[in-house]
Amino acid sequence: MAKQATTKQSATKQDSEQLDNTDKSGEKVTTTKSTASKSASSKTRDISLAAADMSAIVEQLNSLLANYHVFYTNVRGYHWNVRGSDFFTLHVKFEELYTALQIQIDEIAERILTLQGTPLHAYSDFLKISSIKEDKNVSDGVACVKGILTGLTMTIAKEREIIDLADEDDDQGTADQLTAYVQEQEKLVWMYNAYLG
């Protein structure tokens, strides 16, 4: 009696595809290959966002991640090197800022991973794509604050671009995350500008 493979019928044609193979005796055997993995891979995990649609957002989030890393390093430098009569005030404020940036860096990287992207993690890559530039050997308190304001302004502008892009792609998670950052950073801009008078 000829060998025959039995196949399970799927509920829809989308869930399976027919494959014709030959068994050891040379007879044609029809098997069913599930395409459920194809459907799953077309979505970003289980968050109902098409993976292909997220590539532009992932790219922009990596650009934001680069900005954050350079800005973070600048603020660490201000914290270490600030001098003058406002040292005790600014030293503490700069530490608060770089601590917040460090947390946000991790959250941005995790959002990239959630969207099935790969976060950049080499400083050489950050320097290539960051719109924020390194600010070296700054010790004057006013100059440090101006550097922070520049970094905040550029960061907010980048975040607003990504929020608009995320809204277009129905990526509420990214939009909400960055909107919360913008709200915090706008307040910081006001406070640092108040310091400058």
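Predicted model: local features only at pLDDT ≥ 70, side-chain atom pairs only at ≥ 80, totals over all residues.

Q: OK, and how many helices and strands does the chain have?
A: The chain has 6 helices and 2 strands. Reading from the N terminus, the order is β-β-α-α-α-α-α-α.

Q: What share of the residues is buried?
A: Of the chain's 197 residues, 36% count as buried.

Q: On to packing. At what angle do H2 and H6 pack?
A: The angle is about 30° and the axes are 13 Å apart, with H2 covering residues 55-81 and H6 residues 172-196. Since angles under 35 degrees count as roughly parallel, H2 is roughly parallel to H6.

Q: Which residues make that contact?
A: From H2 you have Ile57, Leu61, Leu64 and Tyr68, and from H6 there are Thr174, Leu178, Tyr181 and Gln185. They split into 6 nonpolar, 2 polar and no charged residues.

Q: And is the H2–H6 crossing left-handed or right-handed?
A: H2 passes H6 in a left-handed crossing.

Q: What about H3 and H5, how far apart are their axes?
A: Their axes are 12 Å apart, at an angle of about 20°, and H3 spans residues 87-114. That angle makes H3 and H5 roughly parallel to each other. H3 also passes H5 in a left-handed crossing.

Q: Which residues are involved there?
A: H3 brings Leu90, Phe94 and Leu97, while H5 brings Gly141, Cys144, Val145 and Ile148. By type, the contact of H3 with H5 has 6 nonpolar residues, 1 polar and no charged.

Q: Switching topic: where does Ser130 sit?
A: Ser130 is in the loop between helix H4 (123-129) and helix H5 (141-168).

Q: Buried or exposed?
A: Buried, because Ser130 has 2% relative accessibility and the cut-off for buried is under 20%.

Q: What does the Ser130 side chain make a polar contact with?
A: One partner is the side chain of Asn67, at 3.0 Å. A polar atom of the Ser130 side chain also lies 2.8 Å from the backbone oxygen of Ile132.

Q: Which residues does Ser130 touch, leaving out those up to four places away in sequence?
A: Ser130 touches Ala66, Asn67 and Val70.

Terms used: Residues numbered from 1 in each chain as written. Heavy atoms only, no water. Axes fitted to C-alpha atoms, helices over the stretch in contact; angles between N-to-C directions. Helix = DSSP H or I, 4+ residues; strand = E, 2+ residues; numbered from the N terminus. Parallel < 35°, antiparallel > 145°, perpendicular 65-115°, else oblique. Left-handed = near helix turned anticlockwise from the far one by under 90°. Contact = heavy atoms within 4.5 Å. Nonpolar A, V, L, I, M, F, W, Y, C, P; charged D, E, K, R; others polar. Buried < 20%, exposed > 50% of the residue type's maximum accessible area, 1.4 Å probe, protein only. Polar contact = N/O pair within 3.5 Å; in protein donor to acceptor, adjacent residues only side chain to side chain.
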